[in-house]
Amino acid sequence: MKSILVIGLGRFGRHLCQKFMSLHNEVMIVDRDEAAVTALMSDVTSAQIADCTDEAALRSLGIHNFDLCFVCIGSDFASSLLITSLLKDLGARRVISKASQDIHARLLLRNGADEVVYPERDSAERMAARLSAQNVFDYIELTDEYSIYEIPPLESWVGRTVREVDVRNRFHINILAVKRGDELRPMPGADYLFTGDEHLLALASKEDARKLLRKI
């Protein structure tokens with residue numbers, strides 16, 4: 001369990017705090033919009049109405065007590081930059097700030113952010129990659145070169161084992177898990193028999209994934 005501070009309750013901030021709470025973390029939310037705070041007050045550990053560009057208000061939150069501090073302000077970059085800088089000055093362990101442009105990300109990183117996220121861009125890129133590639137049910141980019149793909153097995157694999165297909169050597173992919181409905185089987189062994197009704201979570205380079213997907 002971690003202690004999380006979420007500053008800014010736009011769409012990203014709301015979803016973030018709800019997800020952290022569902023994972024049994026302690027979450028404190030802060031926003032200067034009373035209605036936004038009130039709407040989530042019963043769903044989080046603690047809540048406060050405050051303007052976090054005010055150093056005294058930010059200091060009163062006990063910043064050093066939080067494992068993670070999120071700055072989720074998207075519409076007012078000047079405030080986001082100031083709050084990010086103040087958090088680090090006040091001893092925040094880890095500051096993660098939202099950005100919508102590369103120039104904003106660079107400035108945030110130079111002024112205290114340990115990490116910058118682009119929720120809208122990342123969501124759009126993930127959707128575009130998933131929908132533009134046939135037979136990809138989901139997609140998680142890990143680096144510029146490697147991603148995890150949720151794909152069906154090739155028809156020629158059905159009725160054969162992972163060892164018989166020789167997936168790793170012939171196709172240069174690593175099967176991390178097999179998904180069937182709501183059931184997930186991690187790290188299937190060499191004796192796993194492909195049935196044709198499962199999805200595979202496969203780690204592959206983008207080039208090897210493209211070659212494989214052309215065969216599906």
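A residue counts as exposed when its relative accessible area is over 50%. Met187 comes in at 60%, so it lands in the exposed class. Keep in mind that this is a predicted model.

- Most residues other than glycine have a negative phi.
- Met187 has a positive phi, near 50 degrees, and is not a glycine.
- You'll find Met187 in the loop between strand E10 (183-186) and strand E11 (199-205).
- His172 also isn't a glycine, yet its phi is positive at about 60 degrees.
- Look for His172 in the loop that runs between helix H8 (167-171) and strand E9 (174-180).
- His172 has a relative accessibility of 47%, so it counts as partly exposed.

**Helices H4 and H5**

- When two helices pack, the angle between their axes and the distance between the axes describe the arrangement.
- Helix H4 covers residues 77-89 and helix H5 covers residues 102-110; their axes come within 9 Å and cross at roughly 25 degrees.
- Angles under 35 degrees count as roughly parallel, and H4 and H5 are therefore roughly parallel to each other.
- The H4 and H5 crossing is right-handed.
- On the H4 side, Phe77, Ser80, Leu81 and Thr84 do the touching, and they meet His104, Leu107 and Leu108 of H5.
- Sorted by class, that contact of H4 with H5 has 4 nonpolar residues, 3 polar ones and no charged ones.

**Aromatic rings**

- There are 4 aromatic pairs in the structure.
- In one of them, the ring centres of Trp157 and Phe194 are 5.2 Å apart and the planes sit at 45 degrees, so this pair is tilted.
- Trp157 has 0% relative accessibility, so it counts as buried.
- Phe194 has 1% relative accessibility, so it counts as buried too.
- Phe194 also pairs with Tyr192, this time edge-to-face, with 5.7 Å centre to centre and 90 degrees between the planes.
- Tyr192 has a relative accessible area of 6%, so it is buried.
- Put together, ring pairs link Trp157, Phe171, Tyr192 and Phe194 into a cluster.

- Leu176 sits in strand E9.
- With 28% relative accessibility, Leu176 counts as partly exposed.
- Leaving out neighbours within four places in sequence, Leu176 is in contact with Ile148, Pro186, Met187, Pro188, Leu201 and Leu203.
- Leu176 and Leu200 are 24 residues apart along the chain, and their C-alpha atoms are separated by 7.7 Å.
- Ser3 belongs to strand E1 (residues 3-7).
- Ser3 has 15% relative accessibility, so it counts as buried.
- Again leaving out neighbours within four places in sequence, Ser3 is in contact with Glu26, Asn65, Phe66, Asp67 and Leu68.

Terms used
Residues are numbered from 1 along each chain as its sequence is written. This is a predicted model: local features need pLDDT of at least 70, side-chain atom pairs count only at pLDDT 80 or more; totals for chains, interfaces and linings use all residues. Side-chain values use heavy atoms; hydrogens and water are left out. Helices (H or I, at least four residues) and strands (E, at least two) are DSSP runs, numbered from the N terminus. Buried means under 20% relative accessible area, exposed over 50%, partly exposed in between (1.4 Å probe, protein chains only). Axes are lines fitted to C-alpha atoms, for helices over the stretch in contact, and angles run from 0 to 180 degrees between N-to-C directions. Angles under 35 degrees count as roughly parallel, over 145 as roughly antiparallel, 65 to 115 as roughly perpendicular and the rest as oblique. A crossing is left-handed if the near helix is turned anticlockwise from the far one by less than a right angle, and right-handed if clockwise. Contact means heavy atoms within 4.5 Å. Ala, Val, Leu, Ile, Met, Phe, Trp, Tyr, Cys and Pro count as nonpolar, Asp, Glu, Lys and Arg as charged, and the others, Gly among them, as polar. Rings of Phe, Tyr and Trp (its six-membered ring) pair if their centres lie within 6.5 Å; planes under 30 degrees apart count as stacked, over 60 as edge-to-face and the rest as tilted.
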